[in-house]
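Consider the structure shown below. The text after it goes through a ligand site and then a single residue.

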Amino acid sequence: MRQSSPPIWVLGAGQLGAMLQTAGRPLALDVRPVDIEAAEVPRLEAGDLVTAEREQWPPTPVTDALSQHPRFINSRVFGRLADRKTQKALIDELGLATAPWAPVDQSTQAAELHQKFGERVLLKRRTGGYDGRGQHWLHQSRQDEIPDDWHEQAIAEQAINFDEEVSLVGARDAQGRCVFYPLTLNLHLNGILMGSAAALARLSHLQKQAEQMLEALLQHLNYVGVMAMECFRVGDRLLINELAPRVHNSGHWTQAGASINQFELHLRAIAGLPLGQPRLKGQSLMVNLVGTERNDQWLSVPGAELVWYGKEVRPGRKVGHINLVAADASDLELSLKQLQPLLPEVYKSVIDWLLSQLPQTP
Ligand code: ATP
Ligand code: MG
């Protein structure tokens, strides 16, 4: 008779925490997301497990209690990856390819950044940026200056003229075994993920390269659980853009498209259960719903699986996503064409992009 698993507390109660909780149910894993602003701190027992749905957090009674628990998994990793400067230094230390970068110190001048990186330089806040917030472009021809409050608070990156953006989601267990999903192709608009497609045969030759990069990081950090690695594809070369020590938006397609989704995979890893090897159910697509009012007619689209986060809709806010999976690309094509008029105009380019990724049917 196996012992029942301890509660798994999640630092944060957003959509990722909710989806972790949902994924725990079939395995009777007691996953408990905690709102970081909650007035009451839950009573944690010594044998409980703690994980996080976010890589950084402000000090609150809840975040203090959860992050200081002795079984807060990967506790030493978060600080290191949540700061882009230490994250980039780690990637360099392991000799992995990444967008060329430099720290922005008190005395750093725009001119020296342009000398290193050329006409366009991207400043990124070291902490707190997401969905393209916390970015600032410097153009040499405009003689842009580094804004005062970006000194010490940012890194500078060379503008990468990438072919496209891909990500790899994978997990490591406590014994060091790793499993990976196939590379996901991602479309970002204004810094926000809008659509994903996996798996694509034309990217399969990059799979080993990506797995070796992420595995090097996972092993070096003794990491346990799911991590996501966002990359730029430049020809046949992958450059790491950034790492997320958690389940990731570009892995949401696995809810419909894989026998073990990324949320369950993360729980299996941290609870010491066999990771297994996810099996794919077909060609998967995801449409991110960003600042979009809910339309129940989406549910009439064949095969559409809606995950609605139940949050207030605000511009630029991720409020849900729609997954589609099918063995046959022509089924996906029909579904996308039915979905398109049910979405706001801005999604036309997203749907067209997804259509363009489908394997050509004869
Ligand atoms: P996330 O929400 O994924 O955490 P983020 O806002 O924290 O994103 P990044 O992923 O670093 O930050 O950047 C967002 C997007 O901006 C990227 O997906 C890419 O489209 C673009 N971008 C980032 N860095 C560069 C670069 N060096 N050159 C060109 N484009 C870039
Ligand atoms: Mg990103």
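The model is predicted.

Start with the shell around ligand 1, which consists of 20 residues. K124, D131, G132, E165 and E242 are the closest of them. Sorted by class, the shell holds six nonpolar, seven polar and seven charged residues.

In the side chain of K124, an N or O atom is 2.7 Å from an oxygen atom of ligand 1. N241 also places a polar side-chain atom by an oxygen atom of the ligand, here at 3.0 Å. With Q158 the backbone is involved: one of its N or O atoms lies 2.9 Å from a nitrogen atom of ligand 1. On its own, ligand 1 has 610 Å² of accessible area, and the protein covers 91% of this. Two or more shell residues come from each of strand 5 (120–125), strand 7 (154–158), strand 12 (225–234) and strand 13 (237–244).

Now turn to H321, a residue of strand 16, which spans residues 318–326. Is H321 buried or exposed? Its relative accessibility is 0%, and buried means under 20%, so H321 counts as buried. The side chain of H321 makes a polar contact of 2.7 Å with the side chain of Q255. Leaving aside residues up to four places away in sequence, H321 touches Q255 and also M19, H252, M286, V287, N288, L289, E305, L306, V307 and Y309.

Notes:
Residues are numbered from 1 along each chain as its sequence is written. Chains are lettered from A and ligands numbered from 1 in the order in which they are written. This is a predicted model: local features need pLDDT of at least 70, side-chain atom pairs count only at pLDDT 80 or more; totals for chains, interfaces and linings use all residues. Side-chain values use heavy atoms; hydrogens and water are left out. A residue is near a molecule or strand if one of its heavy atoms lies within 4 Å of it. A polar contact is a pair of N or O atoms within 3.5 Å; within protein, one must be able to donate a hydrogen and the other to accept it, and residues adjacent in sequence count only if both atoms are side-chain atoms. Accessible areas come from the Shrake-Rupley method with a 1.4 Å probe; for residues, only the protein chains shown count as cover. Helices (H or I, at least four residues) and strands (E, at least two) are DSSP runs, numbered from the N terminus. Ala, Val, Leu, Ile, Met, Phe, Trp, Tyr, Cys and Pro count as nonpolar, Asp, Glu, Lys and Arg as charged, and the others, Gly among them, as polar. Buried means under 20% relative accessible area, exposed over 50%, partly exposed in between (1.4 Å probe, protein chains only). Contact means heavy atoms within 4.5 Å.
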